[in-house]
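Dear colleague,

Please find below the sequence and structure that I am handing over to you. My notes on what was found follow directly after.

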Amino acid sequence: MQGHMQVDRLWTNCRLMTMADQHPGLGEIDAGAIAAKDGRIVFAGAASDLPAGLAPRETIDLDGRWVSPGLIDCHTHIVHGGDRAREFELRLAGASYEEIARAGGGIRSTVAATRAADVETLVATALPRLDALIAEGITTVEVKSGYGLTPDTEIAMLRAARGLAEARPVSVATSFLGAHAVPAEFEGDADGYIHTVVRDQMPTVVAEGLADAVDGFCEGIAFSPDQMALVFDAAVKAGLPVKLHAEQLSNLGGARLAARYGALSADHLEYLDEGGVAAMAEAGTVAVLLPGAFYFLRETQAPPVAALRLAGVPIAVATDCNPGSSPLTSLLMAMNMAATLFRLTVAECLIGVTRNAARALGRLDEIGTLEPGKACDLAIWDIETPAELVYRIGFNPLYKRVYRGA
């Protein structure tokens, strides 16, 4: 960066959490600066290293505030119809998640409400949930389908997810989750339903370019590894990366299956075993921990964090925002839960909602760290130390959110 260089914006007098891989911990820089041009970072580092001849159109003094990459919620179901507050009451009265699911509640009740909503309604009902996330500094959010379970309604969900990015300054990554549950009309015929996912749903989704990845739910109340393999084969043929809800309620070997397909992530993982950890480590598959669901369902078996750490599996943290098992719209709260319930460190939580969350979406080359060339997505915080972002409960210290440099 020699000579005179015009940039759009320069933020000075700030402390940085760069989250850059080559730096230890959070990649903290005490007297930092960030410069952006055309929505991209051109400089992020010590103010003393700012190139001579940098000519900003606007300079913003941040008064010693901390700056992190914009936060990334890498696992959500924020597009859906209805809610499941009544089921919450039933669970409080003693019914289990599986009992409710088998009695036609659970995912199926959300399916009925989602099928009854059009794209505009799905966007309108998702926006308050998205706005809650944006208010905490989220600049990228992953959104899954999976509550339609027919070609038309899965398409409607994914169109609504894409529509969120048109309604708000936020980046949306979409995941096609046709293999989420067996709909009522296929009761007792999970194989038959999987064939419709592969034959009828996926080609339409792919043809319309509506999915960035393919996901599934590998569990006793959903689909077996063999059934998921059929979906993943179709995803590979379509050139789409895969991810998987795995080992949440039991150990079916879903994480090993996901790793075999080079999955971006395996999510939940409460019942993950050593073999699954080793397979994920070898494949570079990210472990996405979802403490909101663990908390809400009052689970007792935590994911094997020590084993994941030891094997060097990247760990991400997300809200899993959904109507049935994690009606959580706070990524800050998810970090606190991950630390409190799963004993993640402050650094693991913060890297888990930035660098590793980007990795879980296959977007680490674009977002997740403060480095030249990446999108200028920033969260600027009124805090004295990064630990505050994980320590506080129900408190949002966001000062400003910057999306694509604006």
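The second largest cavity is lined by 13 residues, and those nearest its centre are Pro69, Gly70, Ile367, Gly368 and Asp377. Its space amounts to about 60 Å³. By class, this lining has five nonpolar, five polar and three charged residues. Here Ala, Val, Leu, Ile, Met, Phe, Trp, Tyr, Cys and Pro count as nonpolar, Asp, Glu, Lys and Arg as charged, and the others, Gly among them, as polar.

Please note that this is a predicted model, in which local features need pLDDT of at least 70 and side-chain atom pairs count only at pLDDT 80 or more, whereas totals for chains, interfaces and linings use all residues. Residues are numbered from 1 along each chain as its sequence is written, and side-chain values use heavy atoms, with hydrogens and water left out.

The search was made on a 1 Å grid over the protein atoms alone: a cavity is a set of points where a 1.4 Å probe fits but cannot get out, a pocket is an open set with protein on both sides within 12 Å along at least five of seven lines, and lining residues have an atom within 4 Å of a point. Grid points are joined across faces, edges and corners, and a volume is the space filled by probe spheres set on the points.

Across the whole structure, two cavities of 30 Å³ or more are found. The largest cavity has a volume of about 110 Å³. Its lining comprises 14 residues, with Tyr97, Ile107, His180, Asn322 and Ser325 nearest the centre. In this lining, four residues are nonpolar, eight polar and two charged.

Helices (H or I, at least four residues) are DSSP runs, numbered from the N terminus. The lining of the largest pocket divides into nine nonpolar, five polar and four charged residues.

The second largest pocket has a volume of about 180 Å³. Of its 15 lining residues, Asp83, Arg84, Asn322, Pro323 and Pro327 are the closest to its centre. The classes in this lining are seven nonpolar, five polar and three charged.

Helix 6 (residues 190–207) and helix 7 (residues 225–238) pack at an angle of about 15 degrees, with their axes 10 Å apart. Axes are lines fitted to C-alpha atoms, for helices over the stretch in contact, and angles run from 0 to 180 degrees between N-to-C directions. Helix 6 and helix 7 are therefore roughly parallel to each other, a term used for angles under 35 degrees. The residues in contact (heavy atoms within 4.5 Å) include Ile194, Val198 and Met202 of helix 6 and Leu230, Val231 and Ala234 of helix 7. This contact between helix 6 and helix 7 divides into 11 nonpolar, two polar and one charged residue.

Helix 5 (residues 151–167) packs with helix 6 at an angle of about 35 degrees, their axes being 9 Å apart. Pro151, Glu154, Ile155 and Leu158 in helix 5 meet Asp200, Gln201, Thr204 and Val205 in helix 6. Of these residues, four are nonpolar, two polar and two charged.

With kind regards

How values were computed. Helix = DSSP H or I, 4+ residues; strand = E, 2+ residues; numbered from the N terminus. Parallel < 35°, antiparallel > 145°, perpendicular 65-115°, else oblique.
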